[in-house]
Amino acid sequence: MTDAELLATRAEAFGALFVLLQHLSRRADSELADLGLTTRQWLLLAVLTTGFGGYRPSLSEAAEKYGSSRQNVKQVALGLEARGFVRLVPDPADARTTRIELTDRVREFDEPRMVERTRGMLADVFVGLTPAETRELLALLRRWLAGITAGGATTPAAAATPTQGEEHHS
């Protein structure tokens, strides 16, 4: 692949991701409407429930995993607090630090009707992919996310160099 082809491919993939995000956000917002949640609020709940193992993270810790600023996470968390999903509480050891505590309301997502709704929505969203492709997509997304959060490649040559095993996917 030439540099120009790689650039064009990356540009198209980048744009396609944003179009995909629009479709996913619209679909998720529709699914979450009866709970009074937005996609951003649902994502923060998902990060809190899966990323901290019962630990009450600070706003800054949550922001790091959420991929946003502390201020943005605070705004999203305030909306969740107003809906009864979380509580913002001062850290007992340092009152300057605010921690996010999940409430029992998050258990609504474990109720059979919600599990079934989620299963159906995810089946619809991934309808064009086989189970193997879904696993491969997840592996690629994890690797890509790890690269972005680690700062990514520092030079165009480093970014274009295939990693071990990539040459078989051309």
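Ala, Val, Leu, Ile, Met, Phe, Trp, Tyr, Cys and Pro are counted here as nonpolar, Asp, Glu, Lys and Arg as charged, and the others, Gly among them, as polar. The model is predicted, so local features need pLDDT of at least 70 and side-chain atom pairs count only at pLDDT 80 or more, while totals for chains, interfaces and linings use all residues. Residues are numbered from 1 along each chain as its sequence is written, and side-chain values use heavy atoms, with hydrogens and water left out.

By these classes, the lining of the largest pocket holds 26 nonpolar, 8 polar and 7 charged residues. A pocket is an open set of points on a 1 Å grid over the protein atoms alone, where a 1.4 Å probe fits, with protein on both sides within 12 Å along at least five of seven lines; lining residues have an atom within 4 Å of a point. The space in the largest pocket is about 2,300 Å³, a volume being the space filled by probe spheres set on the points, which are joined across faces, edges and corners. Of its 41 lining residues, L21, L24, W42, L43 and L141 lie nearest the centre. Two or more lining residues come from each of α1 (3-32), α2, α3 (59-66), α5 (112-125) and α6 (131-149), with α1 giving the largest share, 12 residues.

Turning to one residue, T39 lies in helix α2 (residues 39-51); helices are DSSP runs of H or I, at least four residues, numbered from the N terminus. T39 counts as buried because its relative accessibility is 18%, under the 20% limit (1.4 Å probe, protein chains only). Its side chain makes a polar contact of 2.5 Å with the side chain of D29.

Key
Buried means under 20% relative accessible area, exposed over 50%, partly exposed in between (1.4 Å probe, protein chains only). A polar contact is a pair of N or O atoms within 3.5 Å; within protein, one must be able to donate a hydrogen and the other to accept it, and residues adjacent in sequence count only if both atoms are side-chain atoms.
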